[in-house]
Amino acid sequence: MAFITPLNELRDKIDKIDQQILDLINQRASCAMNVAKTKIALGEQGTFYRPDRESLVLRRIKELNPGPLPDQTAVRFFRELMSSCLALEKPLDVAYLGPEGTFTQQAVLKHFGNAVKAIPEATINDIFTTVENGGCQFGVVPVENSTEGVISYTFDRFLVSPLHICGEVEIQIHQNLMGTADNQAQIVQVFSHQQSLAQCRQWLDKNFPQVTLTAVSSNAEAARLASVTPNSAAIAGRPAAELYNLAIFEKNIEDESNNTTRFIIIGKQTSTTTGSDKTSLVVSTGNQPGALHKILEPFAKLGIGLLHIESRPSRQGLWEYVFFIDIEGHNEDEQVAKALDMLRENVSMYKLLGSYPRAVL
């Protein structure tokens, strides 16, 4: 019979390890506070948050992690640790698309950790305005869904904003049907954001073909309405159900199992190269033949990966468009810098939106 370590010995060992972990965590917190003091002594202004530095730390944690804890758990632990340490230096205010309980709030907490102060705003425009005016250091806005495509207003707002893209975060979106009705057969109206209704279109057509679908400003607002409207339900995330005391009738009703939304972090600071970055920009060529070729040619010549391109009406002239582009690399990287220099010669309008670390999943 194999020897089995007594439970009391294992528990004593865990207690000693916990003490060591606690001591090391507080040592790290003290170092973070000393970093803040050093930056102040050197005259550095603004936020102490460095998205490039955080990205490098989290990637290193994934590389060093031997298990048995999965990488995702290790990254989540260290993100929260860094969030709490940063709060000791200088707490962050981060604007998001409210009210409380939205997927955008989940994106804030995933990217910045729970030690930040998340400030709800009513619209994407309000998020931009709040950060532009200094009300918050950063904002988080949705930019693209894997099922339903881009969020056009986010792109359009960048045309007139001085803010930069400082980072990105991806959230796997699980939609849930929730409400207060005793029986699903009593439901005559379903509230949700228009994107969420679209992401669940097939499921709704199959299960609730006669129900009135009502688009509202956010999933959290849908949950609130479902909590006060008889014979109604909402499609939203689990936090909204908890916030408004709703029962979840059906889980994961999204039509695509890999339904993911990409959010971007907006702010006034820029990031240095990390070795795993994206660069976003917007350009226009005017209404001329071969316009798209002129845009893409520099990237093809220099072997720069094109990740995304989206056209939007420029609103400056009939049939004139601007192109929002995501490419691999950082604008400080040699080949990327050359490609961007070539691009500027071929376009009538050029605006670098930001170079920033790829999302750490």
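In what order do the strands of the open five-strand sheet lie? The legends below start there. This is a predicted model, in which local features need pLDDT of at least 70, side-chain atom pairs count only at pLDDT 80 or more, and totals for chains, interfaces and linings use all residues. Residues are numbered from 1 along each chain as its sequence is written, and side-chain values use heavy atoms, with hydrogens and water left out.

**View 1. An open sheet of five strands.** The order is E8-E7-E9-E6-E10, and the pairing is mixed. Helices (H or I, at least four residues) and strands (E, at least two) are DSSP runs, numbered from the N terminus; two strands pair if DSSP finds at least two bridges between them. Strand E8 (212-216) and strand E10 (247-250) are at the edges with a single partner strand each, so one side of each has no neighbour in the sheet. On average, neighbouring strands are turned by 35° against each other, direction ignored. Axes here are lines fitted to C-alpha atoms, for helices over the stretch in contact, and angles run from 0 to 180 degrees between N-to-C directions.

**View 2. Strand E6 beside E10.** E6 (residues 176-179) and E10 run antiparallel and are joined by three bridges. Look for Gly-179, which stands opposite Ala-247 in E10.

**View 3. A helix across the sheet.** Helix H9 (residues 219-228) lies across E6, strand E7 (189-193), E8 and strand E9 (232-236), and runs at about 160° to E9. Contact means heavy atoms within 4.5 Å.

**View 4. Two asparagines with positive phi.** Most residues other than glycine have a negative phi. Asn-231, in the loop between H9 and E9, has a phi near 55°. Asn-245 sits in the loop between helix H10 (238-243) and E10, and its phi is about 55°. Are these residues buried or exposed? Asn-231 is partly exposed, at 37% relative accessibility, whereas Asn-245 is exposed, at 68%. Buried means under 20% relative accessible area, exposed over 50%, and partly exposed in between (1.4 Å probe, protein chains only).

**View 5. Two cis peptide bonds.** Most peptide bonds are trans. The bond joining Gly-67 and Pro-68 is cis, with omega about 10°; Pro-68 is in the loop between helix H2 (51-64) and helix H3 (71-89). The bond from Gly-98 to Pro-99 is also cis, with omega near 5°.
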